[in-house]
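Work through the exercises below with the sequence and the model in view. Try each task before reading its solution.

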Amino acid sequence: MRKAMESIQNYFPQLSLTQLELLETLAELLRDWNTRINLVSRRDIENLEERHLLPSLALAKIASWGPDTSVMDVGTGGGLPGLPLAICFPKTHFFLIDSTGKKIRAVEDMARRLGLKNVEVEHTRVENVSRRFDFVVARAVAPLPRFLGWVSKNLKAGGKKSFPNGVLYLKGSKYKTELAECEIRAHAVFPLSDFFEESVYKEIYIVHIAAADLVRKQALFS
């Protein structure tokens, strides 16, 4: 096992050996595909686990999803964060979309080779998706006002829960000014530095926006 994968094992001791092996295989597949198309920045590929897999898995530190949960990954690119999360939550349904066909073909191939039966992949733009999901996840694919405008229609009605359904967005510190622009308050913000000790995770956050709050502000994005 690569040293970087040992780091994932240390941070996520609850993962089974099978899940760790699938994550290691995913890293190998991503590296292989990246020699043909640019799924991950060339400068990051040698630090794939640290720069991409761990930030994706950070969502598993705060979410607890079961068989009744549906998650859409918007602008999945190389299958991140959707594929690592699908490995962590094998009973949860994941819908991964991207507007770039060659990236989606790579993601579809990786999901098939990993044997992930809980993953659905589609080449489309989120504006064209009418289905509703419990959660929408993404990694800084657009400024938050624009992104929230895209996905507000795709969230199921939110209930009163300690961890309400909604958007989980990986973003740098600009999230503060972007949320202020659209007058939306985050339900919670989780610094990745709370979960991982490496300095690379400073100023990276998971922004949790409750569906109920977003629906109330939906008119601002029309």
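The model is predicted: local features need pLDDT of at least 70, side-chain atom pairs count only at pLDDT 80 or more, and totals for chains, interfaces and linings use all residues. Residues are numbered from 1 along each chain as its sequence is written, and side-chain values use heavy atoms, without hydrogens and water.

**Exercise 1.** Determine whether the faces of strand S1 (residues 70-74) are buried or exposed.

Solution. Buried means under 20% relative accessible area, with a 1.4 Å probe and protein chains only. Strands are DSSP runs of E, at least two residues, and helices are runs of H or I, at least four, numbered from the N terminus. On one side, Ser70, Met72 and Val74 are buried; on the other, Val71 and Asp73 are buried. Five of the five residues are thus buried, so S1 is largely enclosed by the rest of the structure.

**Exercise 2.** Find the strands that pair with S1.

Solution. Pairing requires at least two DSSP bridges between two strands. Strand S2 (residues 93-98) runs parallel to S1 and is joined to it by five bridges; Met72 has Phe95 as its bridge partner there. Strand S4 (residues 135-139) is also parallel to S1, over three bridges, and Phe135 in S4 partners Val71.

**Exercise 3.** Explain how the buried residues of helix H6 (residues 144-151) are arranged.

Solution. List them: Leu144, Pro145, Phe147, Leu148 and Val151. Viewed down the axis of H6, they fall within an arc of 165° (directions from the helix axis to the C-beta atoms), so they line one face.

Technical notes:
Buried means under 20% relative accessible area, exposed over 50%, partly exposed in between (1.4 Å probe, protein chains only).
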